[in-house]
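Reader: I'm new to reading protein models. Could we go through this one together, a few questions at a time?

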Amino acid sequence: RLSFGGTLQFAPFGSVMISTIKIGQTTSSRVRCGFGESFTANRNTAYVNLASDAGGYVGLNTIQHTTLAQTATDVAHSTNWINIKLELKPTTTDLSINSILKATSSGTPLLKLEPNFYVLDMGFGAAVGQIRYMECYNT
């Protein structure tokens with residue numbers, strides 16, 4: 001898990017995250033990289049979902065208070081490195097993968113956020129996820 005200790009310095013309606021990430025295996029793992037209100041709460045988040053249970057595709061998940069919106073992309077789930085750009089705007093959240101816009105969600109967080117990255121084992125062994133680069137800024 002990687003978070004910034006509750007330092008909520010990123011605006012919910014004007015922030016960008018650029019990261020290079022990958023998942024280490026295509027079964028029993030989940031990697032999430034994005035912005036969140038807190039590391040443990042499932043509310044006010046926007047993140048990229050690399051998960052073996054995501055229908056085989058990379059997804060964009062947003063939670064506004066407690067309402068989850070899931071948007072699939074056409075990028076197949078694999079163990080290759082991907083470059084992501086997550087852009088929080090006033091009315092949408094955009095996800096670009098390898099410089100191509102792949103998903104837009106009308107779900108947007110409502111409170112200030114912090115960057116986070118975590119790997120979750122879905123019960124079948126050791127989960128592996130990697131992050132090579134992360135840059136975040138307010139727009």
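Author: Happy to! Keep in mind that this is a predicted model.

Reader: Where in the chain do Asp74 and Lys102 lie, and how many residues apart are they?

Author: Asp74 belongs to strand β5, residues 67-76. Lys102 belongs to strand β8, residues 100-105. The pair therefore links distant parts of the chain, and the separation is 28 residues.

Reader: Is Asp74 buried or exposed?

Author: Exposed means over 50% relative accessible area. Asp74 has 56% relative accessibility. That is over the cut-off, so Asp74 counts as exposed.

Reader: Which residue forms a salt bridge with Asp94?

Author: Side chains of opposite charge can pair when their charged atoms come close. For Asp94, the closest N and O atoms of the salt bridge are 2.8 Å apart. The partner is Lys89.

Reader: What is the phi of Ser99 near?

Author: Most residues other than glycine have a negative phi. Ser99 lies in the loop between β7 and β8, and its phi is positive although the residue is not glycine. Asn98 is found in that loop too, with a positive phi near 50°. For Ser99, the value is near 75°.

Methods: Residues numbered from 1 in each chain as written. Predicted model: local features only at pLDDT ≥ 70, side-chain atom pairs only at ≥ 80, totals over all residues. Heavy atoms only, no water. Helix = DSSP H or I, 4+ residues; strand = E, 2+ residues; numbered from the N terminus. Buried < 20%, exposed > 50% of the residue type's maximum accessible area, 1.4 Å probe, protein only. Salt bridge = Lys/Arg side-chain N within 4 Å of Asp/Glu carboxyl O.
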